[in-house]
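Here is a short report on a ligand site and the pockets of a protein model. Look at the structure first, then read on.

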Amino acid sequence: MIIKKAELETVCGITSTFPENTDPEIVFAGKSNVGKSSLINSLMNRKSLARISSQPGKTQTINYYKVNDDLYFVDLPGYGYANANLATKEKWGKMIEKYLHTSKQIRCIFLLIDIRHEPGKNDKQMYDWIVYNGYQPVIIATKLDKLKRSQVDKCVKIVREGLGLPKEGVLIPFSSQTKQGREEVYEFIENLLAE
Ligand code: GTP
Ligand code: MG
């Protein structure tokens with residue numbers, strides 16, 4: 001996949017109406033701080049088009065990046081951000097839920113999980129909820145650079161088991177620092193779009 005062009009096209013907040021796009025949407029979901037915006041930047045080959053922060057809760061809107069004039073990368077706010085107050089958390093949750101319910105162009109949902117940790121209760125809930133809505137999430141296990149190579153297999157197994165991923169479920173270990181896994185993600189998207 002060659003990225004010729006990438007731009008932020010639409011930003012949706014809690015009160016926004018979602019755009020009725022006609023091009024396919026590739027969605028990135030996951031806990032706050034897991035690396036969604038960093039992954040999108042590395043896929044788009046841009047350092048900071050998607051804003052990233054070491055503070056969780058950076059992305060608070062649904063951001064649509066138009067790629068090559070023919071598809072979208074959709075950056076969702078993270079769930080499970082402990083410091084947000086309850087009302088805010090609920091609003092973000094509702095916004096994510098509404099998006100996943102109403103968009104007719106979702107081609108794939110990548111669910112990001114930190115490769116170092118056993119999936120939390122809200123990761124499992126998100127996974128189940130995506131499945132319940134008729135999508136098979138593709139797992140991207142982020143921050144691969146933080147592991148020693150000898151730890152990778154064991155950690156992948158913990159993530160797969162923690163989510164209850166079926167045997168045929170796809171999990172791609174990824175690092176936005178080293179770009180490991182990027183080709184696999186591109187390939188997965190290309191195959192989807194070719195279907
Ligand atoms: P929210 O917008 O708050 O939901 O977070 P996010 O999921 O978009 O995470 P973001 O991309 O902003 O990254 C959060 C922090 O993790 C930043 O400090 C990033 O630099 C760091 N980070 C993201 N991906 C990686 C990675 O692959 N390796 C390492 N070492 N750090 C990463
Ligand atoms: Mg973000």
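This is a predicted model: local features need pLDDT of at least 70, side-chain atom pairs count only at pLDDT 80 or more; totals for chains, interfaces and linings use all residues.

Residues are numbered from 1 along each chain as its sequence is written, chains are lettered from A and ligands numbered from 1 in the order in which they are written, and side-chain values use heavy atoms, with hydrogens and water left out.

**The ligand site**

Ligand 1 is surrounded by 22 residues. A residue counts here if one of its heavy atoms lies within 4 Å of the ligand. The closest are Lys-36, Ser-38, Gly-57, Thr-59 and Asp-145. By class, this shell holds three nonpolar, 13 polar and six charged residues. Ala, Val, Leu, Ile, Met, Phe, Trp, Tyr, Cys and Pro count as nonpolar, Asp, Glu, Lys and Arg as charged, and the others, Gly among them, as polar.

A nitrogen atom of the ligand is 2.7 Å from an N or O atom in the Asp-145 side chain. The protein covers 89% of the 660 Å² of accessible area that ligand 1 has on its own (Shrake-Rupley method, 1.4 Å probe).

**The two pockets**

Ligand 1 takes up the space of the largest pocket. A pocket is an open set of points on a 1 Å grid over the protein atoms alone, where a 1.4 Å probe fits, with protein on both sides within 12 Å along at least five of seven lines; lining residues have an atom within 4 Å of a point. A molecule sits in a pocket if more than half of its atoms lie within 2 Å of its grid points.

| Pocket | Volume | Lining by class |
|---|---|---|
| Largest | about 490 Å³ | seven nonpolar, 15 polar, six charged residues |

A volume is the space filled by probe spheres set on the grid points, which are joined across faces, edges and corners.

Helix H1 (residues 36-44) gives the most to the lining of the largest pocket, with four residues. Helices are DSSP runs (H or I, at least four residues), numbered from the N terminus.

The second largest pocket has 16 lining residues. Nearest its centre lie Tyr-79, Gly-93, Glu-97, Gln-125 and Met-126. H2 supplies the largest share of this lining, eight residues.

Definitions and conventions. A polar contact is a pair of N or O atoms within 3.5 Å; within protein, one must be able to donate a hydrogen and the other to accept it, and residues adjacent in sequence count only if both atoms are side-chain atoms. Helices (H or I, at least four residues) and strands (E, at least two) are DSSP runs, numbered from the N terminus.
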